[in-house]
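I opened my notebook for a friendly walk through this fold. Here is what I looked up, entry by entry.

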Amino acid sequence: MPNQPHGDILRTDIAIYPKRTGLHVAIQQGAAYASALGTVEFDIPWDRLIAPKADMSFIPNQWGH
């Protein structure tokens with residue numbers, strides 16, 4: 001959010017876990033921006049994290065790779 005006051009995000013403020021659609025990230029309410037924004041959540045699609053034709057055999061099949 002450009003031109004908005006923000007704080008530093010610490011590892012303890014972030015929850016990260018895999019989902020079928022990608023890596024889910026949740027930033028704790030009030031960790032970076034005003035608490036009015038609530039918890040900031042988003043998914044990073046697997047195809048943005050893993051190179052094309054990469055060996056993905058380490059990822060369980062149920063995650064949908």
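**Entry: chain order.** Reading along the sequence, I find the pattern β-β-β-α. That gives 1 helix and 3 strands in the chain. I take helices (H or I, at least four residues) and strands (E, at least two) as DSSP runs, numbered from the N terminus.

**Entry: what I am working with.** This is a predicted model, so I note that local features need pLDDT of at least 70, side-chain atom pairs count only at pLDDT 80 or more, and totals for chains, interfaces and linings use all residues. Residues are numbered from 1 along each chain as its sequence is written, and side-chain values use heavy atoms, with hydrogens and water left out.

**Entry: the sheet.** I looked up the strand order next and got β1-β2-β3, an open sheet of 3 strands with antiparallel pairing. Which strands stand at the edges? They are β1 (14-18) and β3 (40-45); each has a single partner strand, so one side of each is left without a neighbour in the sheet. Direction ignored, neighbouring strands here are turned by 15 degrees against each other on average. The axes behind that angle are lines fitted to C-alpha atoms. For pairing, I need DSSP to find at least two bridges between two strands.

**Entry: the hairpin.** β1 and β2 form a hairpin, with 3 residues between them. How many bridges join β1 to β2 (residues 22-27)? I get 5 bridges, in the antiparallel sense. I noted two partners in β2: Val25 for Ile16, and Ala26 for Ala15.

**Entry: Pro18.** Pro18 has its place in strand β1. Its relative accessible area is 35%, so Pro18 is partly exposed; my classes are buried under 20%, exposed over 50% and partly exposed in between, using a 1.4 Å probe and protein chains only. I also checked Pro18 against Ile44: the two are 26 residues apart in sequence and 9.6 Å apart in space, C-alpha to C-alpha.

**Entry: whole-chain numbers.** Of the 65 residues of the chain, 18% count as buried. The accessible surface comes to about 5100 Å², and 56% of that belongs to carbon and sulfur atoms; the areas come from the Shrake-Rupley method with a 1.4 Å probe. Last, I looked at contacts (heavy atoms within 4.5 Å). Among contacts between residues at least 6 apart in sequence, 30% join residues at least 24 apart.

How values were computed. Axes fitted to C-alpha atoms, helices over the stretch in contact; angles between N-to-C directions.
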